[in-house]
Amino acid sequence: MGALVPKKPRSPSSAATARAPIAIGFVSLGCSKNLVDLQVMAAELHQGGFDIGVEVDEADAVIVNTCAFIEDAREEAVSAILGACELKKNGRCKAVVVSGCLSQRYRERILKACPDVDAVIGVDDLRRIPEIVSKALDHPRGEPVVAVSSDLPTHLFASKIPAMVLTGGPYAYLKIAEGCQHVCAFCAIPGIRGKLRSRTIDDVVAEAKAILAEGIRELDIIAQDVTSYGSDLKDGTSLAKLLRRLDALKGDFWIRLLYGYPAMVTDELLDVIASSRHVCRYLDIPVQHSHPDILRAMHRADTLKHVPGMAARLRARIPGLTLRTTCLVGFPGETQAHFDHLLEYAGREKFDHLGAFAFSPEEGTGAFARREEADDIVAENRRRKLMRRQARIVKSLLDAKVGTVTRVLLEAPPEEDGRWEGRTEGQAPDDIDGVTYVAGVPASARPGDFADVEITGHGDYDLFPECRSMSGASP
């Protein structure tokens, strides 16, 4: 079910512990931005005296935090909700609460498909979760609590101190903005999450300090589009300025940027990354496609001059840059010639990491009316062909890494083969870009330590190095 058991946080206040705590179990689905929302709810529940460090089958109430980005995600979410409802029928659970994008967009459908759900909560209402859980536990059967305050979210959450990190590793996601200013024809996120709303630099830096104080060694900066950060504030706030402030913080840690937009990558941002002490030389910039016809149809015409030659241009500005992208195939109107253009583009650019997805028609988007033009079988065949091409590119790039020395963030100690699990600067968390398995790590090592390693081999996407020295023990 994707159940998530957070680390035990600090004890709540004496007032909160006056009664026996209600145990809350989490099921976390979707992207890292969704996980941050769950962290907000976990902090509120903890401050309210709830016990949040339990397995779902030991919980009094289960919160299913959902994704609704594509049909597969919605199906996974419904399956998880029904699984939680089974726990209510057969176990300790007395209430099932659904949060996230699915509840924001499809609350009536959830209640119809899953009649045992006790509450649904919108993305603007996370701070109300203690109240909602309490009501869900007490409400009459058949009268679910619906807490969705707005159809189009407008709220922006300030940092919660102390920070609550639920990743389970020495890294943390730091969301710097909500919503999105783009209107891509395939994407429903603006209709679910609302328009771009950026946090202030001071607020983000305050949360970053609190997270680092907990021993975290990697800050993963996220938003729907981090490169648009600050453009809504109209006061000169930008991602480059934020990174300068974060880079000035003391300590030995990484800062990683996730999810940018080709037209918003400025020279100033590239210069900051290239000269930074802490910012990883890593960019995740989804191009979605290469052919001008398809980019225009996707409502991404502003990227036309940025997509051709993007990889070479960015690597020239940032030596050693790892570049990740995403491509969407099978978009309505995509011909074989359009797809061949994309194949050739991927072969020239040689992205370090590339993810490919088949078109999924989403209600409320510009492409939804053209959904009959899309062919699922053709789209899936094209996705597989593109990923086969990318696999050959990755093998060549990894072959070139053998014999090189790099730094690795150690995350999990060995289980059977004696190798630590970790990541290089060029690998994002959660198996997005593969994993590094390090041999020869000293017995004194701990998760969160940095090690200098020599790459001695690789798999399809994973690296297999030998530890040469420890370059930074965790605090």
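**Exercise 1. Strand S13 and its partners**

In which sense do S12 and S13 pair, and over how many bridges? Then work out which faces of S13 are covered.

*Solution.* Keep in mind as you work that this is a predicted model.

Step 1. Start with the pairing: S12 and S13 run in the parallel sense, joined over 3 bridges. Within S13, Leu323 has Leu283 standing opposite.

Step 2. Now turn to strand S14 (residues 353-358), which pairs with S13 in the parallel sense over 6 bridges. Here Thr326 has Gly355 of S14 as its bridge partner.

Step 3. Next come the faces. In a regular strand, side chains alternate between the two faces of the sheet. In S13, one side holds Thr322, Arg324, Thr326 and Leu328, and the other holds Leu323, Thr325, Cys327 and Val329. Every one of these residues is buried, and both faces are covered. The tally for the strand is 8 of 8 residues buried.

**Exercise 2. A closer look at Leu323**

Find Leu323 in strand S13. Which residues does Leu323 touch, leaving out those up to four places away in sequence?

*Solution.* 

Step 1. Check the accessibility. The relative accessible area of Leu323 is 0%, so this residue is buried, the cut-off being under 20%.

Step 2. List the contacts. Leu323 touches Leu283, Ile285, Met310, Ala311, Leu314, Arg315, Phe351, Asp352 and His353.

Step 3. Leu323 and Asp284 are 39 residues apart along the chain, while their C-alpha atoms are separated by 6.1 Å.

**Exercise 3. The two sides of helix H10**

Which residues of helix H10 (residues 310-317) are buried, and which elements do the buried residues pack against?

*Solution.* 

Step 1. Pick out the buried residues of H10: Met310, Ala311 and Leu314. Because these residues cover an arc of only 95° around the axis, they sit on the same side of H10.

Step 2. Look at the face turned away from that buried side, where you will find the exposed residues Ala312 and Ala316.

Step 3. Identify the surroundings. Helix H8 (267-275), strand S12 (282-284), strand S13 (322-329) and helix H11 (336-349) are what the buried residues of H10 pack against.

**Exercise 4. Salt bridges across the chain**

How many salt bridges does a search of the whole structure find? Go through three of them, and say where the partners lie.

*Solution.* 

Step 1. The search finds 37 salt bridges. One of them joins the side chains of Arg315 and Asp352, at 3.0 Å from N to O. Arg315 belongs to helix H10 and Asp352 to the loop between H11 and S14, so this pair ties together parts that are 37 residues apart in sequence. Arg315 is partly exposed at 25% relative accessible area, whereas Asp352 is buried at 15%.

Step 2. Move on to Glu411 and Arg423, whose closest N and O atoms are 3.1 Å apart in their salt bridge. This pair links Glu411 in strand S15 (residues 405-412) to Arg423 in strand S16 (residues 420-424), 12 residues apart. Both Glu411 and Arg423 are buried.

Step 3. Finish with Arg468 and Glu454, a salt bridge with its closest N and O atoms 3.0 Å apart. Since Arg468 lies in strand S19 (residues 463-472) and Glu454 in strand S18 (residues 450-458), the pair ties together parts 14 residues apart in sequence. Arg468 is partly exposed at 48% relative accessibility, and Glu454 is partly exposed at 23%.

Step 4. Look for shared partners. Glu218, Asp220, Arg256, Glu411 and Arg423 are joined into one network by such salt bridges.

**Exercise 5. A buried aspartate in a loop**

Which side chain of opposite charge is nearest to Asp124, and which side chain does Asp124 meet in a polar contact?

*Solution.* 

Step 1. Locate Asp124 in the loop between strand S5 (119-121) and helix H4 (129-138).

Step 2. Consider its charge. Asp124 is buried and has no salt bridge; Arg197, the nearest side chain of opposite charge, is 4.5 Å away. The cut-off for a salt bridge is within 4 Å.

Step 3. Find the polar partner: the side chains of Asp124 and Ser150 are joined by a polar contact of 3.0 Å.

Step 4. Complete the surroundings. Beyond residues up to four places away in sequence, Asp124 touches Gln104, Ser149, Ser150, Pro153, Thr154, His155 and Phe157.

Conventions. Residues numbered from 1 in each chain as written. Predicted model: local features only at pLDDT ≥ 70, side-chain atom pairs only at ≥ 80, totals over all residues. Heavy atoms only, no water. Buried < 20%, exposed > 50% of the residue type's maximum accessible area, 1.4 Å probe, protein only. Helix = DSSP H or I, 4+ residues; strand = E, 2+ residues; numbered from the N terminus. Arc of directions from axis to C-beta. Contact = heavy atoms within 4.5 Å. Lys, Arg positive; Asp, Glu negative; His and termini not counted. Polar contact = N/O pair within 3.5 Å; in protein donor to acceptor, adjacent residues only side chain to side chain. Pairing = 2+ DSSP bridges.
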